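Subject: Structure for you to look at

Hello,

Here is the structure I promised. Please open it next to this email and follow along as you read.

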Amino acid sequence: MSTSRESDLYDCIVIGAGVQGSFTAYSLSKRGQRTLLLEQFVLPHTRGSSHGQSRIIRKAYEQDFYTRMMEECYGLWAELEREGGVTLYRQTGLLVMGPEHSDSFTQMKSTLLQSEVPTVSLTPEDFSSHVPQMLLVPGDGAIVDVTAGVLYADRALRTAQDMFKKFGGVVRDQEKVVDITPGPVVTVTTSARSYRARSVVITAGPWANRLLAPTGLQLPLEVVKINVCYWKEKTPGTYNVKNRFPCFLLTEGEQGEDHIYGLPSNEYPGLVKICLHTGSPTDPDHRDRQTDRSDVDILSRFVSRCVPGLEPEPAIVESCMYTLTPDSHFVLDFHPRHRNIVIGAGFSGHGFKFGPLIGKILCELSLGEVPTHDLSPFRIRRFQGQTRSAL
Ligand SMILES: Cc1cc2nc3c(=O)[nH]c(=O)nc-3n(C[C@H](O)[C@H](O)[C@H](O)COP(=O)(O)OP(=O)(O)OC[C@H]3O[C@@H](n4cnc5c(N)ncnc54)[C@H](O)[C@@H]3O)c2cc1C
């Protein structure tokens with residue numbers, strides 16, 4: 001292994017080239033910081049949380065702080081589209097459904113209305129003329145977040161990495177970080193060599209705690225495997241954007257149907273992505289050993305009851321991972337003992353849409369600036385008693 005040289009002193013090293021690391025690196029290099037982005041696998045890859053062609057973008061949230069963050073984030077997505085000369089977002093609307101008087105549905109609806117997000121409220125009588133492809137469960141309410149849509153995820157990741165390189169950033173893939181030595185200058189050792197930097201940002205997704213171990217910190221994170229299910233249309237073309245089929249989200253349902261979401265047919269012609277927002281615990285290095293499919297059974301029952309134009313057995317099942325915090329809110333903070341190590345972790349299955357803003361915030365933290373958003377929901381101290389020293 002070669003030793004580090006002066007020329008290897010970076011302003012910042014970002015560890016992990018998923019959506020959050022790629023956007024952090026992009027923000028840093030755009031601001032003139034000499035930045036290295038390290039990735040353990042050959043890019044692009046499908047072993048983390050950011051792969052695949054589509055993600056939902058929405059302002060519909062129970063917590064208004066997320067809705068406020070998304071107000072800025074839409075602008076940042078548009079900026080990247082202009083810079084890269086690409087289309088990354090397609091507006092489809094998001095149909096939010098759930099028991100009309102449940103906490104989750106009423107909270108999401110009230111955040112949308114109070115934040116003055118453009119919406120359309122659907123009565124049970126209106127529903128079938130607006131969304132003829134689905135059936136509304138009796139007692140459920142329905143409201144559409146008009147601003148929502150689909151992000152072209154793979155393309156977004158590629159564009160962020162391309163722009164990072166264009167601004168002078170360096171990407172080294174197939175270099176696994178095996179050690180981090182904190183200090184005024186941090187030493188990062190990979191499977192190939194050592195690098196030094198004034199600051200480090202850890203955006204390692206499901207591997208976050210592995211990376212944090214040498215720094216003496218363990219966060220209360222749980223990694224789960226998600227079965228990404230695609231369902232075949234009985235009549236091709238029914239569930240696509242041309243037929244005005246929106247993204248949808250069921251906040252609560254019968255028999256474990258909480259937080260089921262779906263997107264219009266996109267990556268595979270004639271197939272519609274519908275998933276359950278939960279999975280079974282897994283080791284990120286052995287993701288495929290987790291073979292639990294109880295979520296697929298729940299989805300099959302939902303599809304046959306509420307999405308009658310689809311075959312009730314998935315045609316394709318792919319894999320992805322969530323890294324969950326106990327409250328499902330992100331971790332965006334300094335390392336408690338080393339202020340020049342910044343952590344972006346625990347995106348709990350809903351972080352993609354925030355990518356450009358997370359990148360901006362982690363960049364601000366690594367530069368020691370006051371972040372442009374209130375980070376109190378995302379601080380590590382909220383886990384008091386749940387963090388562990390790994391030393
Ligand atoms: C099925 C599914 C559907 C989703 N749908 C949505 C949605 O509709 N809308 C939404 O907003 N969000 C959605 N999400 C969530 C979103 O995709 C994630 O929150 C986001 O991708 C997390 O990104 P990340 O950069 O934190 O992690 P990752 O993408 O996992 O990136 C971490 C990277 O770090 C690298 N790494 C780890 N350890 C090392 C090491 N030692 N050395 C070097 N590199 C290392 C990994 O290889 C990986 O590339 C979904 C997620 C899944 C799984």
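Start with helices α2 and α8. Helix α8 covers residues 355-366. α2 and α8 pack at an angle of about 100°. Their axes are 8 Å apart. Angles from 65 to 115 degrees count as roughly perpendicular, so α2 and α8 are roughly perpendicular to each other. Keep in mind that this is a predicted model.

Which residues make this contact between α2 and α8? From α2 come Met 69, Glu 72, Cys 73, Leu 76 and Trp 77. From α8 come Pro 356, Leu 357, Lys 360 and Ile 361. Sorted by class, the contact of α2 with α8 has seven nonpolar and two charged residues, and no polar ones.

We give a helix pair two values, the angle between the axes and the distance between them. Now use them on the next pair.

**α2 and α5**

Helix α5 spans residues 153-166. The axes of α2 and α5 come within 10 Å. They cross at roughly 65°. That makes α2 roughly perpendicular to α5. The crossing of α2 past α5 is left-handed.

On the α2 side, the contact uses Trp 77, Leu 80, Glu 83 and Gly 84. They meet Ala 156, Thr 159, Ala 160 and Met 163 in α5. By class, the contact of α2 with α5 has five nonpolar, two polar and one charged residues. Look at Trp 77 again: this α2 residue takes part in the contact with α5 and in the contact with α8.

Now pick out Thr 159, which sits in helix α5. Is Thr 159 buried or exposed? Its relative accessible area is 8%. Buried means under 20%, so Thr 159 is buried. Leave out residues up to four places away in sequence, and Thr 159 touches Leu 80, Gly 84, Val 86 and Leu 88.

**The sheet beside these helices**

Next, find the open sheet of three strands. What is the strand order in this sheet? The order is β3-β8-β4, and the pairing is antiparallel. The edge strands are β3 (54-57) and β4 (89-91), and each pairs on one side only. Neighbouring strands of this sheet are turned by 30° against each other on average, direction ignored.

Strand β8 covers residues 149-152. β3 and β8 pair over four bridges, in the antiparallel sense. Within this pair, Ile 56 stands opposite Val 150 in β8.

Helix α5 lies across β3 and β8. α5 runs at about 50° to β8.

Move on to β10, β11 and β12. Strand β10 is residues 177-181, and it pairs with β11 in the antiparallel sense over four bridges. A hairpin joins β10 to β11 through four residues. β11 also pairs with strand β12 (residues 194-202): four bridges join them, and they run antiparallel. β11 and β12 form a hairpin too, with three residues between them.

Val 188 in β11 is the bridge partner of Ile 180. Val 188 also stands opposite Tyr 195 in β12.

Why is β11 described as largely enclosed by the rest of the structure? Four of the five residues of β11 (residues 186-190) are buried, so the strand is largely enclosed.

**One more hairpin**

Strands β19 (residues 331-334) and β20 (residues 341-345) run antiparallel and are joined by four bridges. Six residues lie between β19 and β20 in their hairpin. Val 331 stands opposite Ala 345 in β20.

**A proline in a loop**

Last, go to Pro 284. Where is Pro 284 placed? Pro 284 is in the loop between β17 (280-281) and α7 (294-306). Its relative accessibility is 7%, so Pro 284 counts as buried.

Now compare sequence with space. Pro 284 and Pro 206 are 78 residues apart in sequence. In space they are 6.1 Å apart, C-alpha to C-alpha. Setting aside neighbours within four places in sequence, Pro 284 is in contact with Pro 206, Trp 207, Arg 210, Val 223 and Met 321.

Best wishes

Key. Residues are numbered from 1 along each chain as its sequence is written. This is a predicted model: local features need pLDDT of at least 70, side-chain atom pairs count only at pLDDT 80 or more; totals for chains, interfaces and linings use all residues. Side-chain values use heavy atoms; hydrogens and water are left out. Two strands pair if DSSP finds at least two bridges between them. Helices (H or I, at least four residues) and strands (E, at least two) are DSSP runs, numbered from the N terminus. Axes are lines fitted to C-alpha atoms, for helices over the stretch in contact, and angles run from 0 to 180 degrees between N-to-C directions. Contact means heavy atoms within 4.5 Å. Angles under 35 degrees count as roughly parallel, over 145 as roughly antiparallel, 65 to 115 as roughly perpendicular and the rest as oblique. A crossing is left-handed if the near helix is turned anticlockwise from the far one by less than a right angle, and right-handed if clockwise. Ala, Val, Leu, Ile, Met, Phe, Trp, Tyr, Cys and Pro count as nonpolar, Asp, Glu, Lys and Arg as charged, and the others, Gly among them, as polar. Buried means under 20% relative accessible area, exposed over 50%, partly exposed in between (1.4 Å probe, protein chains only).
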